[in-house]
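Please walk me through this structure, with the criteria behind each computed term spelled out along the way.

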Number of protein chains: 2
Amino acid sequence: MARRQIDTRAEIRAVALQLFAEQGFEKTSLREIAERLGITKAALYYHFPSKSDLLSDVVAPLLTDVPAMLDAAERAGESDPRRILEGYFDVIARHRVVFMAMLSDIGALARLDVLPAVFGWRDRLQTLLVGPDASAADAARVTVAVGGLQDAAVMMGGGPAAEVRAAAVDAAYRALRT
Amino acid sequence: MARRQIDTRAEIRAVALQLFAEQGFEKTSLREIAERLGITKAALYYHFPSKSDLLSDVVAPLLTDVPAMLDAAERAGESDPRRILEGYFDVIARHRVVFMAMLSDIGALARLDVLPAVFGWRDRLQTLLVGPDASAADAARVTVAVGGLQDAAVMMGGGPAAEVRAAAVDAAYRALRT
DNA sequence: GTCTATAATCAGATAGAC
DNA sequence: GTCTATCTGATTATAGAC
């Protein structure tokens, strides 16, 4: 049944994401994922041809949404740093759990070749925020602002969301200004 | 020979640290470490009773230096945020590679029970920086400032170190102020 | 202190029945 | 679409010789 396949795939993704975020990609075995779903390892292999493919699938939404946000900002010629920072905060916050899973096993990402993409985001954000001819000091400021904002987005959960978002974006904005 | 033992232990630590930082704790096998040193797996077990013990040993310097820095700041009643931020930047920068190894396998750290300690640092830093009765917005500002500063310390390498340090500390300081 | 040899376990992956 | 059964290879760890 086609319905069932969609559900099972989605369930696998959800369970895998949760386990990856909790204990990292390498440490999470297919047996563990299968057991939690009440299916067998072999059934997993029907839906995903390899463990790497499962990770790719889990991480995909983040990997398309961040560039999409950057595309939009670049196309609009967005020059208000506050708007850019808000946009970035929102993408990361929306994919918090995936982002945590990525953080908790950077080694696995390196093997998947997504690290170059992530560094590419940084470059594009830097250009948007302080222009193409950034000094080492400019770059340091961007690192503090963007890195800090990322942390705040990932850790979100306690406290009124809107207030936290405003305070974090504001702080990152001030970090940027000389 | 006692001399030899010390050297071998130190060499094991160094190679393990490098591999952990490159590819994470789980992905790095004892075979790999032993091969790179030209010794056998069994020899590793002579020096470290388990893989976890090796990780603990590698991470230990960071785990003692950060609390030491916080102790000093608390004992001195340090109230200048800039000084505290400088101190934190310096500890992290000094242990950059260990810190990267920790970041690249957060799952392993969770199993070692060091995560509570790390969150403890955050709390102490927060109290030092914005006092004991922080609002959600205050906490968000601290997250941006400290998280961003951490990133800058870890990524240090390109550019004149003193200039980067000053710019990063300055940015974190501004992120903190309302 | 370092070795050889091996135990015990678990990993990811595949073949083929139902 | 899920199963049973199995393969292959790697892993951590141990025992005991030198």
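By about how many helical turns are Arg174(A) and Asp170(A) separated in helix H10 of chain A? Because the two residues lie 4 positions apart in that helix, Arg174(A) and Asp170(A) are separated by about one helical turn. Their side chains meet in a salt bridge with an N to O distance of 3.1 Å, where a salt bridge is a side-chain nitrogen of Lys or Arg within 4 Å of a carboxyl oxygen of Asp or Glu. Over all chains, this rule gives a count of 28 salt bridges.

The model is a predicted one, in which local features need pLDDT of at least 70 and side-chain atom pairs count only at pLDDT 80 or more, whereas totals for chains, interfaces and linings use all residues. Residues are numbered from 1 along each chain as its sequence is written, chains are lettered from A and ligands numbered from 1 in the order in which they are written, and side-chain values use heavy atoms, with hydrogens and water left out.

Chain A comprises 10 helices and 0 strands, these elements being DSSP runs numbered from the N terminus (helices H or I, at least four residues; strands E, at least two). The C-alpha trace of chain A spans about 55 × 35 × 30 Å along its principal axes.

Within this chain, the axes of H9(A), residues 136-155, and H10(A), residues 161-176, come within 8 Å and cross at roughly 170°; axes are lines fitted to C-alpha atoms, for helices over the stretch in contact, and angles run from 0 to 180 degrees between N-to-C directions. The two helices are therefore roughly antiparallel to each other, a label given to angles over 145 degrees. Their contact (heavy atoms within 4.5 Å) involves, among others, Val144(A) and Leu149(A) of H9(A) and Val169(A) and Leu176(A) of H10(A). By class, this contact has 10 nonpolar, no polar and 1 charged residues, with Ala, Val, Leu, Ile, Met, Phe, Trp, Tyr, Cys and Pro counted as nonpolar, Asp, Glu, Lys and Arg as charged, and the others, Gly among them, as polar.

Turning to the interface, 35 residues of chain A are in contact with 35 residues of chain B. The two chains bury about 2,600 Å² between them, 67% of it on carbon and sulfur atoms; buried area is the accessible area (1.4 Å probe) that two parts lose on being put together, summed over both. Lys27(A), Val144(A) and Arg174(A) supply 19% of the area that chain A buries against chain B, more than any other three residues. The rule finds 2 salt bridges across this interface, and the side chains of Arg122(A) and Asp151(B) meet in a salt bridge at 3.5 Å, N to O. H9(A) provides the largest share of the side of chain A that touches chain B, with 12 residues.

Methods. Parallel < 35°, antiparallel > 145°, perpendicular 65-115°, else oblique.
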